Amino acid sequence: MYLILPALLILVVSGFLSLCCKMRIFKNIALIGNLVSAVMMLIPLFCSLIRGKDYAFSMNWSIPYGEFSLALTPLSAWFLLPVLLVFLFATIFGHSYMKHHTGGNTFHWVWFSILESAMILLLLADNIMFFLIVWEIMSISSFFLVMSYHNLDEVREAGKIYLIASHIGTFFIIVSFSVLAFLTSSFSLSHSVIFGSPFLVGVILVTGLIGFGMKAGIVPLHIWLPEAHPAAPSHVSAVMSGVMVNMGIYGILKLSILSSSALEWFGILLIAIGLISGIFGIVNASAHGNLKKMLAYSTTENMGIVLVGFGIGIIGLYSKMEIVAVLGFFGAMLHILNHSFFKGLLFLSVGSYLYMNDSAEVSSLGGSAADKKNSVHSVASIFGVFSICGIPPFSGFFSEFLIYLSSLYMIFYGGHLEVIIGIVVLTVLIIIGGIAVTAFSGAFGLTVFGVARGKKPEHNISTLMKLSLILFSIPVCLTLFFYKPILFLLGNVYSSVFHVNAATFQYQFIKIDHILYHMVMVLIVLLIIVTLLFIFRCLLLRKRDVSYSPTWDCGYHRLNTRMQYSSFSFSSVVTTFFSCFLGRSFRVKFSRLKIFPENGEFSVNLKDITYFYFVIPVAGFINLIAGWVRLLQTGRVQNYVLYVTVFLIFLLLWKLW
Amino acid sequence: MEKYIFINLVLAFVLSPLIPGVINRVKSFFGGRKGPSIFQLYYDLFKLLKKGTVYSETSSFFLKAAPSIVLAFIVTALLIIPFGGTRLFSFQGDVILFVYLFAGARIVMIFAALDTGSSFEGMGAAREAAFGMLAEPAFIISLVVLMVRAGSLSIGSIFKYSSIGEWKGDLPVLVLVLIALFIVYLSENCRIPFDDPNTHLELTMIHEVMILDYSGPDLAFILYASSLKLWIFATIIVTLFIPMTKYNFWDDTLLNILGIFILAIVTGVVESVIARLRFAKVPQLLLCALSVSLIALILILTKVNI
């Protein structure tokens with residue numbers, strides 16, 4: 001435990017020292033500082049996770065209502081693991097990325113290290129005041145990171161939206177925590193259960209859901225996500241999308257645990273919001289041709305799946321179906337970890353495309369797999385796509401399998417409510433999975449494969465970038481095969497959070513272990529068969545002649561690169577079918593009246609419909625009320641003196657009474 | 001019992017190329033022709049395995065690796081699905097792995113199709129992705145209906161009740177599941193009304209167009225994978241209805257094989273009699289399959305759970 005504070009100090013100091021990057025000693029200091037502090041912090045983290053114990057540390061300081069108290073519980077340790085690793089790999093990537101792009105933007109690493117320290121302290125925070133202070137530091141530092149390219153108009157716009165949304169979320173969190181402090185009469189965050197009137201507990205949960213949900217990016221509070229994540233540099237997007245949304249989920253989880261496990265309506269609410277976020281997110285993702293925007297919307301979708309997992313877990317606890325609760329929570333927690341890694345991987349690969357081709361639009365990319373020099377990052381993109389679509393044997397399948405299995409258990413063994421929820425969850429999750437396959441295979445398939453649509457890249461990505469892509473691919477590919485240690489750690493997290501009966505929990509644990517053992521056996525057989533077939537094919541072809549010729553083109557000689565499929569057409573079936581979730585408008589300029597055909601123009605404009613159906617009405621309502629309040633402000637001193645007099649008379653009368 | 005599992009697997013591997021042969025023969029009969037021999041796919045596979053290949057210049061390592069990966073996914077799915085009462089691997093929740101193995105095969109084929117950089121393959125890939133998205137829910141819900149009926153969370157158990165006599169009380173559920181599974185079978189195996197396996201016009205192609213740039217052993221792998229997929233889906237549909245009263249291994253297996261060939265003949269008849277749907281109507285038919293299977297699920301749950 002005592003390693004954490006020095007590690008944080010090293011992190012922040014190395015960030016500040018990176019300002020002196022002109023001196024040769026300090027050129028790589030941010031990278032080294034991050035590495036050292038990450039290693040130092042992994043030690044207490046794994047101690048806590050493996051032993052399943054809590055560590056606490058506190059000292060007093062002069063801020064009212066607050067004390068500097070940290071608590072490293074297995075739950076925090078589980079969330080801390082992706083923070084440390086994603087930040088480390090993103091720093092490795094960003095080190096070379098920012099050298100090319102920055103041109104004097106040296107404050108970047110200061111904010112980056114402050115952001116990482118803030119997130120670490122957030123996960124360890126045990127006191128409400130401390131939590132809020134650190135939350136604010138996190139919001140401000142990430143705002144500065146989003147505004148890295150502040151000379152571009154759309155980046156400034158995105159930063160503005162991000163700052164506003166972040167503070168609205170903070171407001172709701174403050175409300176939620178105030179009611180919490182009122183109910184428990186203390187400012188600590190590590191209770192086990194709160195007792196109080198159901199209405200107040202409900203208020204805590206709902207305002208906490210809105211506040212933390214704004215950070216997690218659930219519909220309809222996700223407006224800032226598709227603006228801020230594409231505007232930031234790629235490694236910052238990887239960090240924000242992979243790790244910062246987890247902070248929102250951490251908050252929701254802590255609040256729902258605190259408020260005792262028997263809240264059925266909250267579980268249903270989480271599932272409903274999760275499913276809506278999932279469908280909305282993935283449909284919007286498939287409609288966008290900009291890879292970064294698509295990944296941002298996909299974050300919304302994955303956070304929806306996580307909320308569905310938590311909702312199922314809560315309902316399992318409520319209806320005393322232990323296996324459903326265990327599977328739901330395990331699936332959700334594992335999906336958080338997997339999402340950090342595969343989203344980080346995908347954002348870094350989009351960053352590589354940006355670095356090489358200066359564009360993240362599918363319509364200017366293509367053909368990177370055919371180029372031998374790009375093989376690392378094409379393969380990394382392919383792994384990322386397989387994982388995000390949940391294809392066995394990659395990590396995405398592992399977490400989605402647990403959530404599907406929990407819904408199957410609900411269908412088979414549950415009462416009426418659980419059966420209905422199980423059927424709805426199963427159907428919608430499969431549909432979401434299918435749309436995800438369409439969206440990602442389309443966008444990334446058109447980017448990685450085919451022929452390059454834009455100009456050829458001038459420079460290739462550096463070794464450090466390739467290293468970070470490889471480092472990210474390792475957990476993405478191998479998580480399923482190391483299911484035994486992961487299940488053990490998850491079991492520690494679950495039992496520390498829910499104080500379970502050891503015997504029944506052990507029984508569920510063995511059951512899940514058994515299922516996963518068989519599944520991994522099947523997948524190992526799959527890998528063996530792949531290898532055998534490939535060897536067979538190579539053996540067959542060794543003595544035959546293998547030649548190359550142009551792609552079959554039905555006799556048309558003048559194929560150019562723009563005749564390949566485009567991302568708009570690829571997703572057209574999905575987007576027309578689910579067009580109620582999209583705000584699309586087309587513009588076609590094509591004149592048919594001439595004898596010889598002329599150039600036409602077709603453009604699609606995509607807007608987020610939540611902006612029109614949610615943000616503008618709510619903002620309009622607030623403006624309306626503000627307009628009424630403005631009637632009081634007449635601008636004349638006489639009115640204000642009158643108000644003061646009336647208030648003093650009122651006070652006098654009240655005192656006399 | 002061990003040897004029975006392997007005999008069943010060997011039968012699946014050996015006999016599956018017969019099914020497309022039977023379907024094509026039935027279609028030629030309807031067209032007034034003699035048609036290719038039933039064993040034509042075997043001749044094609046052996047001929048292709050003996051040839052070299054031509055690769056597209058725009059393709060990368062993925063096109064070379066894809067057919068092996070696709071065939072491996074389908075073979076693994078075959079290992080999970082039981083045949084004639086025996087199975088190799090089973091665990092709770094393996095229905096999800098089963099469906100996702102097909103999704104994995106689909107995404108690998110889509111990537112390989114986009115790898116060639118041709119607009120034909122891109123079009124086929126887009127359609128395959130979209131129709132696969134719609135067929136998967138219907139497939140998994142139908143399988144869940146069968147699993148609820150059998151009371152177990154593993155696919156292997158659904159073939160316990162594999163005789164018409166045992167379905168007495170649940171005949172509506174049986175009919176609904178049959179409709180849903182038949183529609184999904186036609187969709188996933190690229191038969192009319194979803195796709196025309198004989199055409200080479202881009203307007204009507206989905207699966208055929210994605211394999212335009214394969215040749216030699218790669219094409220052999222892909223064709224064999226399609227015939228295995230037909231066998232897997234046919235097994236599920238047929239084993240539901242064959243009265244397995246004999247409990248004698250050879251008789252059961254013979255009846256199952258006979259059932260699969262009858263299903264192949266029925267498929268041929270269906271393909272000859274109806275026309276291909278407009279692509280805009282395909283989502284509607286697949287959603288019909290989804291709703292039918294959801295109704296069946298609700299019906300069976302009211303029986304079983306209360």
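# A tour of the A–B interface and beyond

Start by colouring chain A and chain B separately: 77 residues of chain A are in contact with 79 residues of chain B. Keep in mind as you look around that this is a predicted model.

**Stop 1: the whole interface.** Show the surfaces of both chains. Together, chain A and chain B bury about 6,700 Å², and 79% of that area is on carbon and sulfur atoms. Between the two chains there are also 15 residue pairs in polar contact, counting pairs with both residues at pLDDT 80 or more.

Now select the side of chain A that touches chain B. The elements that give two or more residues to it are α13 (375-388), α14 (395-413), α15 (416-448), α18 (502-542), β3 (546-549), α19 (567-570) and α20 (572-577) of chain A. Which of them gives the most? That is α15(A), with 17 residues. If you colour this side of chain A by residue type, you will find 55 nonpolar, 17 polar and 5 charged residues.

Stop 2: Select α18(A) together with helix α9 (residues 217-241) of chain B. Their axes come within 10 Å and cross at roughly 140°. Show the side chains where they touch: from α18(A) come Leu533(A), Phe536(A), Arg537(A), Leu540(A) and Leu541(A), and from α9(B) come Pro217(B), Asp218(B) and Phe221(B). This contact divides into 6 nonpolar residues, no polar ones and 2 charged ones.

Stay here and zoom in on the charged residues. What does Asp218(B) form with Arg537(A)? The two form a salt bridge, with their closest N and O atoms 3.1 Å apart. Side chains of opposite charge can pair when their charged atoms come close. Across the interface of chain A and chain B, the rule finds 1 salt bridge.

Stop 3: Next, select β3(A) and strand β1 (residues 53-56) of chain B. These strands pair in the parallel sense over 4 bridges. To see one position in the pairing, pick Ser547(A), which stands opposite Val54(B) in β1(B).

**Stop 4: a salt bridge inside one helix.** Over all chains, the whole structure holds 12 salt bridges. For one of them, go to Glu157(A) and Lys160(A), whose side chains meet at 3.8 Å, N to O. Both residues sit in helix α6 (residues 153-184) of chain A, 3 residues apart, which is about one turn of the helix.

Stop 5: Most residues other than glycine have a negative phi, and most peptide bonds are trans.

- Pro393(A) is in the loop between α13 and α14 of chain A.
- Move to chain B and select Ile192(B) and Pro193(B), where the peptide bond is cis with omega near 10°. Pro193(B) is in the loop between α7 (171-188) and α8 (207-210) of chain B.
- Finish at Asp358(A), a residue other than glycine with a positive phi, near 65°. You will find Asp358(A) in the loop between α12 (322-357) and α13 of chain A.

Conventions:
Residues numbered from 1 in each chain as written. Chains lettered and ligands numbered in written order. Predicted model: local features only at pLDDT ≥ 70, side-chain atom pairs only at ≥ 80, totals over all residues. Heavy atoms only, no water. Contact = heavy atoms within 4.5 Å. Buried area = accessible area lost by both parts, 1.4 Å probe. Salt bridge = Lys/Arg side-chain N within 4 Å of Asp/Glu carboxyl O. Polar contact = N/O pair within 3.5 Å; in protein donor to acceptor, adjacent residues only side chain to side chain. Nonpolar A, V, L, I, M, F, W, Y, C, P; charged D, E, K, R; others polar. Pairing = 2+ DSSP bridges. Axes fitted to C-alpha atoms, helices over the stretch in contact; angles between N-to-C directions.
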